[in-house]
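Hello,

Here is the structure I promised to hand over. My notes follow below it.

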Amino acid sequence: GHPASCAAGRGSVAKRARVWPPPQETQIDLVRDRAGLGSKPSMMPGATVPGCVQQAQDSHTAPWPFICLSFAQSVDGSISDREGRMIALSCPAAMRMTHELRAAHDAIVVGVGTVKKDNPSLTVRLCDGRTPLPVVVDSELELPLDCKLLTSPSCRKPVVLCLPFDEGPPRNSCRGAEREGGISSDSTTSKPLSTDGEADQAPAIASPGASMATRAAALRSLGATVLQCADATPGARRPRLDLVRALRSLGPALGVRSVMVEGGSRIIGSLLSAASVPRVPRGAGGAGGAGGGSAVSEACGVDYCVITVSPVFVGGTRAVPLPLAPDATTRHDASAPRPRADFPGLVGPGDDDAPGVATVGTDMVLFGRLQASSGAARRAEPAPPAGPRGPRP
């Protein structure tokens, strides 16, 4: 060809190469096109992930608190290394987004294993806003008495969710005042201050052989609130705390309207398992709509998810440690792949909408409503009313 045209062609190719990576909007379009999600935008122009979560909160009409599951993982689904040590997976921009999400919720939930390994403060530090109420899921009251949540002046005193135990004769207790939602509230009496204004020193670790009542008293002496929650498997050899019921009961017990769950893996797996196996059939139809009291929302237990994916491979502890139980009520050809509708997943504002996708710093964020598996959602729908009975033949 003509030299001038060849030079122009080379220049145009070089110019196109310089624009990689493309702007965020173009990246999202590329991801959606390659995934076959169509051209519908994943976020309105100018929207942010915390803004979308706030919109879902505002449309939440169910009688229980809005529950948002949020965690960061690597590309291969790891949330910590193989030894369980914490990894700083989120980039600075994604970490700031996480703190904005914390500030947008009334309570923040972690498991006692996370406290033991990471000793988090669960405060809002990277943005303006109020620190949410920390809630620790601790079935056997194993929370270390020297953790930041109990000793740091910058931390709010935690609420500890545990299995029922025999506390003996009540003492300065309001136990039983909040039983209706499956949760009973024990007194939150603080230990008297010494002359120098500091609380008397408590043992660093409660004795493993101590009774639940003794451990609860030690936690209360440091300002914690101990809430006894329903057993999900009454009569079983190993009791298990009913996590979804306990989180929903934070509303009537403490006035909590929104809950952000950050992990760890056992908490994440427990909540996602609840979206695979139906909870209880609905007795009556509820309000529909995004985030409302729909049958899908009741079947899931979780109303919304925000998952940050860091572009690294770890090969460590998975976010979901065990396979989720697929829907056992649907029958498929054993030789054919299972449809993904048999497992919980993310959807947009409408059931047929794709979840949101956003690039935050160097990380990718997926967000949307958690949709139950097809069988869990179907069995949570109200039964059709019985028709009029005709005369016997």
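Exposed means over 50% relative accessible area, buried under 20%, partly exposed in between (1.4 Å probe, protein chains only).

This is a predicted model, so local features need pLDDT of at least 70 and side-chain atom pairs count only at pLDDT 80 or more, while totals for chains, interfaces and linings use all residues. Residues are numbered from 1 along each chain as its sequence is written, and side-chain values use heavy atoms, with hydrogens and water left out.

Helix α3 spans residues 49-58, and its buried residues are V49, P50, C52, V53, A56 and Q57. They sit on the same side of α3 because they cover an arc of only 160° around the axis. That arc is taken from the directions from the helix axis to the C-beta atoms. The buried residues pack against β1 (66-74), α4, β8 (258-263), β9 (304-310), β12 (356-360) and β13 (363-371). Helices (H or I, at least four residues) and strands (E, at least two) are DSSP runs, numbered from the N terminus.

T48 caps the N-terminal end of α3. One of its side-chain oxygens lies 3.1 Å from the backbone nitrogen of G51.

Now α4, residues 92-103, which holds T98. T98 counts as buried because its relative accessibility is 13%. Neighbours within four places in sequence aside, T98 is in contact (heavy atoms within 4.5 Å) with M260 and E262.

Overall, the protein has twelve helices and 13 strands. Buried residues make up 45% of its 393 residues.

Best regards

Conventions. Polar contact = N/O pair within 3.5 Å; in protein donor to acceptor, adjacent residues only side chain to side chain.
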